[in-house]
Amino acid sequence: MSVEQAVNVLKQEFPSDQLALPGTETYKTSNGSYLSARESDYAPLAIFQPKDTIEVSSFLRIAKENGVRFAIRGAGQQPLEACANIQDGITLDLRRLTGVELKEGVVSVGAGERWGPVYEKVQAAGLGVGGSRSAKGGIGGLSLAGGLSFFSSREGFICDNVINFEVVLASGAVVQANAQEHPDLWKALKGGGNNFGVVTRFDLRTFPQKPFWGGVVFYLASDSNYPGQVQALVDEIRKPDASEETHIMVNVGYSAQFGDQMMGLNQVYYTGADAASVYGGGDGSKASGDAGESAARVPPMLQPFTSVSSQIGQLNSLRMMTLVEGATEHAVMSSEQVRCAYMNCTLRADKDALVAAADIYTKAIEPLKPIDGIVLCLTLQAYPKSLLRRTAELGGNVLGLNNAEEPLVTVLLLTYWKHRKDDEQILAVLQRTLETIEKEAEARGQRVPYTYLNYASKFQDPFSSYGQENKRFLQDVSRKYDSDGLFQSNVPGGFKLF
Ligand SMILES: Cc1cc2nc3c(=O)[nH]c(=O)nc-3n(C[C@H](O)[C@H](O)[C@H](O)COP(=O)(O)OP(=O)(O)OC[C@H]3O[C@@H](n4cnc5c(N)ncnc54)[C@H](O)[C@@H]3O)c2cc1C
């Protein structure tokens, strides 16, 4: 029993263009196409690309018979090292499982797609769907983890919007998991990651969606303007009548290209059906980056974020936009094949605790600033109550947030850099910083245990953060659908349940 034997079987059973082997150009290109270069450091003994669900099932049979360890790869956009790649095993690369079909308000998406083509399809029909804010984002990593979209305040987590998963189980059987068939598996997949099977198709609900208003506002961050932005975020999501049409991210960070000063970046959206008629200036044309001139056309609840002082007007992009345009803007702003790390924690929406988190971060990253190519960012993303309420309405998930009685804010530390030699220093500083932020929030009584799977780092434990009951449920579902624990022992990447 060995990987070599399994590779030989794959060679016999499948055309050579579906199996990339070390030393070939196809292998080099494929293994080099992850978002994070840290993921490309791993060298599988083969990369197998199935063309359909039956071939995924055949692969699982071969992997099991030969006791092979393997990784499951979607688009390869999650920064966590070795979550979708593997050293000396086989990477099951789903990128040929393509296809986007829209029928009776449900969009069916192959596991190898990215959100861009999905948005093109639904937008042409006057619809929207909850997916990544980046057109380049992958489907599987997000829909199996939770996920925030432009529409989360109104439509819930991305995983809540999956009405059916087509799954290949460890036995090789293909099942549908939805509210009627295998409802326990359906719920477990909504936050349970790669622990239950290989999902080959995602069926997502859609909703009517017109073009919306939003974009980015860059500014020079300082003690005189950043705390006010955090206050505005907290005020907005704590309002008893907080809008379900806003999506707000408040970022502060450092990149050498902007000099030594900390930069602020607000990403703000208003997704209501009235956006074009009220804020679009009639023709949907681009709003001026100048705060004064555009103020009259800014949704009032977003004005604190668009009128921040010390703006760098030429970088602002506030305007009416389609879903495709909004997601393309995020994709253009993202990097490819850089060294990358995400980690996160969750706080109550408390201004002082969140500003304290940013203060800790700003001081802690000082020694990292001289590192070549470093980009450091602390992002606050809101979980308003309307988002948390949607989970139960849409059938439930395992994130453990549905009982939250108040809005929450996830604190994401996002870092890009250039060279492997800097990994250790950067990761050590960031881990210490996150732990200090958590301790400070704990001391203030403002910490919530939840860790978002998609933004989690190796030293974190998202499944325990869902709460004992949810973790036990996930373990029970794993025992039921994968009694030999194939996805626990043979798929080591990502976060495991036992
Ligand atoms: C630029 C950028 C923008 C982002 N925007 C958002 C955003 O708007 N909202 C948000 O919430 N997050 C966002 N993220 C996080 C990001 O979308 C994810 O990390 C997501 O996981 C990527 O999905 P993927 O399919 O490429 O995952 P991969 O990296 O391929 O895999 C991630 C994990 O999911 C598992 N997996 C993937 N597909 C399957 C499958 N079909 N069956 C079983 N297991 C599978 C893999 O085994 C792996 O453990 C963003 C990240 C970046 C870099």
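Which residues in helix 9 meet which residues in helix 14? The legends below take up this contact and then three further views of the structure, which is a predicted model.

**View 1. The contact of helix 9 with helix 14.** In helix 9, the residues Y226, P227, V230, Q231 and V234 meet K351, L354, V355 and A358 in helix 14. The residues of this contact divide into 7 nonpolar, 1 polar and 1 charged. The axes of helix 9, which spans residues 226-238, and helix 14, which spans residues 351-364, come within 9 Å and cross at roughly 140°, and that angle makes helix 9 oblique to helix 14. The crossing of these two helices is right-handed.

View 2. Is strand 14 (residues 263-270) largely enclosed or largely open? Of its 8 residues, 8 are buried, so strand 14 is largely enclosed by the rest of the structure. Both of its faces are covered, with M263, L265, Q267 and Y269 buried on one side and G264, N266, V268 and Y270 buried on the other. Strand 12 (residues 212-220) runs antiparallel to strand 14 and is joined to it by 8 bridges, and here G215 stands opposite V268. Strand 13 (residues 246-255) also pairs with strand 14 in the antiparallel sense, over 8 bridges, and in this pairing V252 stands opposite G264.

**View 3. Helix 15 and its buried residues.** In helix 15, which covers residues 385-393, the buried residues are K385, L387, L388, R390 and T391. Helix 7 (152-155) and strand 17 (375-383) are among the elements that cover these buried residues of helix 15. After helix 15 comes G395, a residue whose phi is positive, near 110°.

How values were computed: Residues are numbered from 1 along each chain as its sequence is written. This is a predicted model: local features need pLDDT of at least 70, side-chain atom pairs count only at pLDDT 80 or more; totals for chains, interfaces and linings use all residues. Axes are lines fitted to C-alpha atoms, for helices over the stretch in contact, and angles run from 0 to 180 degrees between N-to-C directions. Helices (H or I, at least four residues) and strands (E, at least two) are DSSP runs, numbered from the N terminus. Angles under 35 degrees count as roughly parallel, over 145 as roughly antiparallel, 65 to 115 as roughly perpendicular and the rest as oblique. A crossing is left-handed if the near helix is turned anticlockwise from the far one by less than a right angle, and right-handed if clockwise. Two residues are in contact if their C-beta atoms, placed from the backbone, lie within 7 Å. Ala, Val, Leu, Ile, Met, Phe, Trp, Tyr, Cys and Pro count as nonpolar, Asp, Glu, Lys and Arg as charged, and the others, Gly among them, as polar. A residue is buried if 20 or more other C-beta atoms lie within 10 Å of its own, exposed if 12 or fewer, and partly exposed in between; C-beta atoms are placed from the backbone. Two strands pair if DSSP finds at least two bridges between them.
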